[in-house]
Amino acid sequence: MEGTSRCPLCRESRLSVPDLLALLGNNHEPVVIFSLLLGQRIFSSNATAWYTLKKAKPQRLDDYFSNSEEYKLSKDDRRLAGLRAVLSEVGADEGVSSTVSTDAIRFRTFECGSLRRTLAKKGAGQIELCFGHGDLNANNIFIDSSGRNLAMIDFEYSGLDHCYKDFVSLESSIRLEFRTTAFPDFKLIDLVEIEMKLLHDPNQVIAGAPEYVEPIRELRKAAITRFSTPLALNYFIAVGLHSLKLLGVPAGWRPDQRKVLAAAALASARCAER
């Protein structure tokens, strides 16, 4: 990967997304630098061995997202339980009711089919495979103090996977960790609306959105550029199931982190069924 051989890892510290942006934000607009680092280094077409399609036969959407180890159907119970717990917790705070089943999700006036129901209806579509990192998140990215050299670590899960895997994994890390200030008191339904706008048109700047939205928007634009295709059902399903996967992990997420994951899951489910 470009920059890896020049990066003095022995002298560097692992940086979270907020620390990385704070470091780069002294003399530059941090979101711009962040998107340049990711778009031009990790996801650049110069990294020809990575994110190159047509090297493997595409898979059906329903086969991949039902049988791959990370998203297999047999793990859905705990993931839906995680979403159910968040919606119950948020609903108690906001005074609204919620329902989560294998077939549908309801919260206040919001209602949509589950991602699995949508896969059952639309799963004959294909998802491209490519070589990727497999666990791309803020903890696995190094950058030196100059902001010019970047490297990745932890290649345990590297190999063929769906082409958006690293994009979705990294945007989830941004959604969870990008907090340079206290997280605003957004209602869940407002976060869902923001996430839906972000899925619908990554080129649109969303006024008043939480600060994590802009880096994710830039990341999705990089995905569109890398594969020369608009984001569609396969991306929506990937974002939703990845968010549910994280909600099903006993990771001790803070309330704001659980809320943003739930918002991404609900928005993805709604956009996928349209």
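## Aromatic pairs, core and pocket

A search of the whole structure, which is a predicted model, finds ten aromatic pairs. One of them joins Tyr 164 and Phe 227: the ring centres lie 5.5 Å apart and the planes meet at 85°, so this pair is edge-to-face. The two residues come from distant parts of the chain, 63 residues apart. Tyr 164 sits in the loop between strand S9 (159–162) and helix H6 (165–177), while Phe 227 belongs to helix H8 (residues 213–227). Both Tyr 164 and Phe 227 are buried.

Phe 183 and Phe 186 form another pair, with ring centres 6.3 Å apart and planes at 50°, so the arrangement is tilted.

| Pair | Distance between ring centres | Angle between planes | Geometry |
|---|---|---|---|
| Tyr 164 and Phe 227 | 5.5 Å | 85° | edge-to-face |
| Phe 183 and Phe 186 | 6.3 Å | 50° | tilted |

Tyr 164 and Phe 227 are also members of an aromatic cluster, together with Tyr 51, Phe 167 and Tyr 235.

### Core and fold

The chain contains ten helices and nine strands. Of its 274 residues, 55% count as buried. Among contacts between residues at least 6 apart in sequence, 74% join residues at least 24 apart.

In soluble globular proteins, nonpolar side chains tend to be buried together. The largest nonpolar core in this model has 73 residues. Tyr 164 and Phe 167 are among the residues with the most contacts inside this core, as are Phe 65, Leu 83 and Leu 87. Helix H10 (residues 255–273) gives the most to the core, with eleven residues.

Which residues does Leu 83 touch, leaving aside those up to four places away in sequence? Its contacts are Val 100, Ile 105, Leu 244, Leu 247, Ala 262 and Leu 266.

### The largest pocket

The largest pocket holds about 530 Å³ of space. Its lining consists of 23 residues, and those nearest the centre are Glu 70, Asp 135, Ser 169, His 242 and Lys 245. By type, the lining divides into seven nonpolar, nine polar and seven charged residues. H6 and helix H9 (233–247) each supply at least two residues of this lining. The contribution of H6, six residues, is the most that is given.

Asp 185 is found in the loop between H6 and helix H7 (188–200). With 76% relative accessibility, Asp 185 counts as exposed. Its C-alpha atom is separated by 9.8 Å from that of Pro 210, which is 25 residues away along the chain.

Ile 189 lies in helix H7. Is Ile 189 buried or exposed? At 13% relative accessibility, Ile 189 counts as buried. Ile 189 touches Arg 108 and Phe 110, not counting residues up to four places away in sequence. Between Ile 189 and Thr 109 the C-alpha to C-alpha distance is 9.0 Å, although 80 residues separate them in sequence.

Key: Residues numbered from 1 in each chain as written. Predicted model: local features only at pLDDT ≥ 70, side-chain atom pairs only at ≥ 80, totals over all residues. Heavy atoms only, no water. Phe/Tyr/Trp six-rings, centres within 6.5 Å; stacked < 30°, edge-to-face > 60°. Helix = DSSP H or I, 4+ residues; strand = E, 2+ residues; numbered from the N terminus. Buried < 20%, exposed > 50% of the residue type's maximum accessible area, 1.4 Å probe, protein only. Core = buried A, V, L, I, M, F, W, Y, C linked by side-chain atoms within 4.5 Å. Contact = heavy atoms within 4.5 Å. 1 Å grid on protein atoms, 1.4 Å probe; cavity = no way out; pocket = protein on both sides within 12 Å on 5 of 7 lines; lining within 4 Å. Points joined across faces, edges and corners; volume = space filled by probe spheres on them. Nonpolar A, V, L, I, M, F, W, Y, C, P; charged D, E, K, R; others polar.
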